[in-house]
Amino acid sequence: MSDDPILEVLEDLLKLDDIYACMVARKNMVSVMPDTSKFNPKIMDVWDIVSVAMKNVFAVIEEYASVGLDVMEFRLKNHSVLFFVIPNTSNALVAIIPSLANKGLIEVEMENARRRIIEILEGKT
Amino acid sequence: MSELKAGVGLSRKWDAREAGREVAETALEKLEGEKPKFFLLFSTIHYEKYGGFQELLNGVWEVLPEGTPLIGGTVAGFMNNYGCFARGATALTLFHPNMYVQIGFGKGTKRNPTKAVQNCIHSMQDKSLEREKEQHQGLLLLLVSGPLAFKIPGYGYRKFIDSDLINKSVKHAFRLSHYLLQKGLGREDEVFEAFVKRKSHCKMILGTSVDDYKGISNYLFFNKQVLRNAVVALNVEIPDAEIDVCTTHGMKKTGIKFKITKISKDGHIIHEINHRPAVSELYDLLGWSKNFLNEETILHRILYYPISVNRFGKEVPVVMPAIIKESIITPCLVNRGDASIMTVNGLDLIDAVDKGFNLLQVKKPAVCICSACLTIMQTLGYRLDTVREKVDSHLKNAPFVIFFCAGEGSYSPKRGVIYANMSYNFGVIGYQ
């Protein structure tokens with residue numbers, strides 16, 4: 001278990017079968033990321049292209065987060081990448097899931113994780 | 001009624017035993033030292049991999065007073081006073097000095113639902129046969145083992161089968177699977193109808209056990225036992241309490257009508273619509289191209305166009321969870337005759353909560369239990385909290401648990417049997 005509470009939130013999320021990888025990131029920078037050895041190996045063949053695509057998405061997040069952009073998603077090959085924007089920061093909670101995953105159920109836990117991260121950032125813990 | 005105390009428990013721990021302990025501790029602390037009259041436990045399927053459900057129950061029983069009636073099961077997720085969750089465990093427990101509680105179970109629901117109900121009712125009757133005859137009006141919660149997919153060799157678990165090669169053999173296997181493997185549909189509608197026949201004076205809420213929408217495994221809890229392919233029931237009676245149940249869904253009519261002209265012998269497969277192969281005709285009615293549905297898109301598209309079938313003179317909205325070539329599988333029994341297509345969206349699903357509370361005739365709700373379709377959770381995703389806020393506001397912070405399952409309904413002598421997919425089924429105990 002880590003001393004970083006945000007890392008704990010991410011490691012908790014990563015235990016869900018259909019979350020192959022997750023992190024808190026911003027444009028050109030990963031803010032908090034679990035040990036990549038804990039990521040599902042199935043993402044390795046798309047990791048490079050997903051990383052590039054993510055950078056482009058963060059340009060959009062950076063521009064529209066201040067006017068209410070809340071959640072973004074893109075699909076690439078057999079994967080979906082979910083971005084849950086952390087308000088008042090240019091960061092987002094990012095998760096890579098299989099495109100056939102039951103996204104609604106995953107979103108419920110992503111939202112719980114986002115709320116927890118916001119609490120941590122606001123110093124409520 | 002002021003003597004009624006209710007506790008809602010929650011655990012987000014991963015370890016099954018620790019979660020069991022914590023969910024019991026957090027629920028019981030709200031009873032302020034009173035001994036619980038029953039314990040209702042719901043958990044997500046994750047504990048299957050983190051210690052197992054027997055360990056979850058062992059954890060609960062480390063805390064729960066010996067002899068407390070307990071039922072429950074696995075669900076896709078739940079919401080309660082603390083939030084919305086797709087992982088973890090929740091519990092609802094009540095105390096009232098004059099509360100009367102019965103629990104029971106029957107096995108073999110997929111093979112013979114009627115016999116399972118008989119056994120369940122028999123196991124509930126052992127306390128006081130005289131009391132049974134008095135027909136007190138209580139709230140009866142029924143939990144039935146939900147659907148289980150069977151693996152098709154070479155194909156795995158599939159919802160959409162387009163292959164001519166395996167089409168006939170899958171349909172044949174589907175028919176036999178209930179009896180031989182106890183796999184396939186939950187048959188919860190048949191369990192429900194059989195219960196209503198025997199307990200027509202009660203108000204009932206129906207729910208099913210499921211996993212995380214995969215349909216591979218699910219479990220029920222009865223005291224210290226973990227059950228599969230069963231029904232468990234909890235009957236609660238409180239003198240002077242107001243109890244009401246209702247079902248709402250946000251479905252709207254599309255105006256598209258048709259006739260179901262050929263069904264399977266067991267009533268679970270629609271073979272023909274308007275005397276044409278069912279799936280081709282459905283595509284034409286909806287204006288969909290032939291390749292609109294496939295394994296990836298079926299859940300995202302067809303679930304939002306449920307069909308409304310007629311059963312006992314009532315419209316029953318049912319989803320079409322699987323397609324085998326030209327045939328449509330339905331989760332409940334269907335009859336030949338008139339049917340129509342409905343539609344629903346996320347906003348309708350949120351608004352249905354208000355409709356439900358407007359129907360309920362309990363002025364001061366003290367506690368609420370609700371079964372809801374897992375597709376609501378799947379559809380609303382991270383916006384599910386909107387529903388929770390509405391429920392909380394209607395209940396004025398009274399304790400509640402809503403569990404998400406795959407087959408739900410309600411019954412009251414006034415409103416009759418309502419089995420409806422994509423619905424909320426509220427059961428409220430309160431006072432005037």
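Colleague: Is the crossing of α1(B) and α2(B) left-handed or right-handed?
Modeller: This is a predicted model. In it, the axes of α1 (residues 16-28) and α2 (residues 53-63) of chain B come within 6 Å and cross at roughly 40°. The sense of the crossing of α1(B) and α2(B) is right-handed.

Colleague: How do the residues of the contact of α1(B) with α2(B) divide by class?
Modeller: The axes of these two helices of chain B come within 6 Å. Residues including Ala16(B), Val23(B) and Leu28(B) of α1(B) make the contact with residues of α2(B), among them Phe53(B), Leu56(B) and Val60(B). By class, the contact has 10 nonpolar, 3 polar and 6 charged residues.

Colleague: Is α3(B) parallel or oblique to α6(B)?
Modeller: Helix α3 (residues 113-124) and helix α6 (residues 188-198) of chain B have their axes 9 Å apart, and they pack at an angle of about 45°. Because of that angle, the orientation of α3(B) to α6(B) is oblique.

Colleague: How many residues of the contact of α3(B) with α6(B) are nonpolar?
Modeller: The crossing of this pair is right-handed. On the α3(B) side stand Pro113(B), Thr114(B), Ala116(B), Val117(B) and Ile121(B), and they meet Glu190(B), Val191(B), Ala194(B), Phe195(B) and Arg198(B) in α6(B). Of the residues in this contact, 1 is polar and 2 are charged, while the number of nonpolar residues is 7.

Colleague: Which element gives the most to the side of domain 1 of chain B that touches domain 2 of chain B?
Modeller: Chain B is divided into domain 1 (5-146 + 186-248 + 349-431) and domain 2 (252-343), and their C-alpha centres lie 30 Å apart. Domain 1 of chain B brings 10 residues to the contact and domain 2 of chain B brings 11 residues. On the side of domain 1, α6 and β26 (416-419) of chain B each supply at least two residues. With 3 residues, the element that gives the most is β26(B).

Colleague: Which element gives the most to the side of chain B that touches chain A?
Modeller: The contact between the chains joins 18 residues of chain B to 14 residues of chain A. At least two residues each come from β5 (83-85) and α10 (374-380) of chain B. With 4 residues, the element that gives the most to this side is α10(B).

Colleague: Which strands of the open sheet of chain A stand at the edges?
Modeller: In chain A, 5 strands form an open sheet with antiparallel pairing, in the order β2-β1-β5-β4-β3. A strand at an edge has a single partner, so one side of it is left without a neighbour in the sheet. In chain A, the strands in that position are β2 (29-32) and β3 (71-76).

Colleague: Which residue in β5(A) does Met23(A) stand opposite?
Modeller: Strands β1 (residues 21-26) and β5 (residues 92-98) of chain A pair in the antiparallel sense over 5 bridges. In β5(A), the residue opposite Met23(A) is Val94(A).

Colleague: At about what angle to β5(A) does helix α3 of chain A run?
Modeller: Helix α2 (residues 47-64) of chain A lies across β1, β3, β4 (79-85) and β5 of chain A, and runs at about 150° to β3(A). Helix α3 (residues 103-121) of chain A lies across β1, β4 and β5 of chain A. Relative to β5(A), α3 of chain A runs at about 155°.

Notes. Residues numbered from 1 in each chain as written. Chains lettered and ligands numbered in written order. Predicted model: local features only at pLDDT ≥ 70, side-chain atom pairs only at ≥ 80, totals over all residues. Axes fitted to C-alpha atoms, helices over the stretch in contact; angles between N-to-C directions. Parallel < 35°, antiparallel > 145°, perpendicular 65-115°, else oblique. Left-handed = near helix turned anticlockwise from the far one by under 90°. Contact = placed C-beta atoms within 7 Å. Nonpolar A, V, L, I, M, F, W, Y, C, P; charged D, E, K, R; others polar. Domains from an automatic or database assignment. Pairing = 2+ DSSP bridges.
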